[in-house]
Amino acid sequence: MAALVKDVALNDSHPKELLLQKHSDYIASYGMNKDEYEYCMTEYLRMSGMYWGLTAIELMGNLDRMNKQEILDFIRMCQDESGGISASVGHDPHLLYTLSAVQILTMYDALETVDVDKVVQYVKNLQQPDGSFWGDKWGEVDTRFSFCAVACLSLLGRLDAIDEEKAVEFVISCMNFDGGFGSRPGAESHAGLIYCCVGMLSITGQLHKIDADLLGWWLCERQLPSGGLNGRPEKLPDVCYSWWVLSSMSMLGRLHWVDRDALIRFVLACQDTETGGFSDRPGDIPDPFHTLFGLAALSLLGEPSIKPVDPTYCMPKHVIDRLGLRPQRLSV
């Protein structure tokens, strides 16, 4: 008996054209009412939410719709005495939110908003003897934090502050028999963590240490009959994996190993025709997280109305080019 594949069904009622103006309006108006329940309940990830929204709207060419000064003032207030940056004022600093803040400031060319030397020291102090990174002072280790640390310091031009060789050794130690990567050695391969590890190795110029064909095969097998991508076997497709999988395949030079047209149909089907924005799956409620990754995936697939995105940093390519950064790419 054939195994059932977990998937979603697309139908004629789902959108088939890119609703760019609606998405711009959705991001520009998101969070305007700071008394809304949803806004209040997402305070714990505010900095990353700002990065998702600002990157999305810049990819659409509408960054000027956002209040730049209010954003910069908020980031300044979120820098802790340790140098790290928190999700919101009064919260503990964390590598995740430190990277989000640095990405925003880089887009605005406004790094002088924070004390960069203290940011560098904060990241440096989180590296452990085995090369891994804690996410914050409480000691959780995860390959996501390896990416955050390296991406943050590379944007600041300060990669020399850490033991880069040991950092690479730790990430390579998390490689699995299927070519993928998990959160730490021996952990299950997962597309989101694969992006973090491939991205980290792209920045450090060590992609040749990956078996690109083996990992590329695992990644392209994430595509389901609907055209959508999942993050690991036997899971439903989700728009965010359109980014985690595609960006990894782009860095590995295997982007053409997925069915481009089928994936575009799935991503477009996840748009909300009334409010704008993308959801995880067709018919669900949109949010800035999935909106960014839906737009970024379409950019990687060549959508001409969206600015080119850099697959390593998930930032507009023109920003990375302005910094003179050249993350490594492989070819078939």
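# Pockets, helices and loops

Helix 3 supplies six residues to the lining of the largest pocket, the largest share. The model is predicted: local features need pLDDT of at least 70 and side-chain atom pairs 80 or more, while totals for chains, interfaces and linings use all residues. Numbering runs from 1 along each chain as its sequence is written, and side-chain values use heavy atoms, without hydrogens or water.

## The largest pocket

The largest pocket has a volume of about 700 Å³. Lining it are 24 residues, and Tyr30, Gly31, Tyr39, Met50 and Met66 are the closest to its centre. By class, the lining of the largest pocket holds 13 nonpolar, five polar and six charged residues.

Some terms need their limits. A pocket is an open set of points on a 1 Å grid over the protein atoms alone, where a 1.4 Å probe fits, with protein on both sides within 12 Å along at least five of seven lines; lining residues have an atom within 4 Å of a point. Volume is the space filled by probe spheres set on the points, which are joined across faces, edges and corners. Helices (H or I, at least four residues) and strands (E, at least two) are DSSP runs numbered from the N terminus. Asp, Glu, Lys and Arg are charged; Ala, Val, Leu, Ile, Met, Phe, Trp, Tyr, Cys and Pro are nonpolar; the others, Gly among them, are polar.

## The second largest pocket

The second largest pocket has a volume of about 590 Å³. Of its 25 lining residues, Trp52, Leu96, Arg144, Trp244 and Phe289 are the closest to the centre. At least two lining residues come from each of helix 3, helix 5 (95-107), helix 7 (143-155), helix 9 (191-203), helix 11 (239-251) and helix 13 (288-300). Which helix gives the most to this lining? Helix 5 does, with five residues. The lining of the second largest pocket has 19 nonpolar, five polar and one charged residues.

## Helix 8

Helix 8 covers residues 164-173, and its buried residues are Ala167, Val168, Phe170 and Val171. Their arc around the axis is only 160°, so they sit on the same side of helix 8. The arc is taken from the directions of the C-beta atoms from the helix axis. These buried residues of helix 8 pack against helix 7 and helix 9. Buried means under 20% relative accessible area (1.4 Å probe, protein chains only), exposed over 50%, and partly exposed in between.

Asp163 caps the N-terminal end of helix 8. One of its side-chain oxygens lies 3.4 Å from the backbone nitrogen of Glu165.

## Two residues with positive phi

Most residues other than glycine have a negative phi. Asp109 has a positive phi, near 55°. Asp109 is in the loop between helix 5 and helix 6 (116-125). Is Asp109 buried or exposed? Asp109 is exposed, with a relative accessible area of 55%.

Cys314 is not a glycine either, yet its phi is positive, about 50°. Cys314 lies in the loop between strand 1 (309-310) and strand 2 (315-316). Cys314 is buried, with a relative accessible area of 2%.

## Single residues in their surroundings

Phe278 sits in the loop between helix 12 (260-269) and helix 13. Phe278 counts as buried, at 0% relative accessibility. Neighbours within four places in sequence aside, Phe278 is in contact (heavy atoms within 4.5 Å) with residues including Leu18, His23, Val267, Pro286, His290 and Leu298.

Ser250 belongs to helix 11. Ser250 is buried, with a relative accessible area of 19%. Beyond its neighbours within four places in sequence, Ser250 is in contact with Leu255, Leu300, Pro311 and Arg329.

Pro129 is in the loop between helix 6 and helix 7. At 73% relative accessibility, Pro129 counts as exposed.

Gln128 is also in the loop between helix 6 and helix 7. Its side chain reaches the backbone oxygen of Leu126 at 2.9 Å. The side chains of Gln128 and Trp134 are joined by a polar contact of 3.5 Å. A polar contact is a pair of N or O atoms within 3.5 Å; within protein, one must be able to donate a hydrogen and the other to accept it, and residues adjacent in sequence count only if both atoms are side-chain atoms.

The table lists C-alpha separations.

| Residue pair | Apart along the chain | C-alpha separation |
|---|---|---|
| Phe278 and Cys196 | 82 residues | 23 Å |
| Pro129 and Ala167 | 38 residues | 9.3 Å |
| Ser250 and Ser331 | 81 residues | 9.1 Å |
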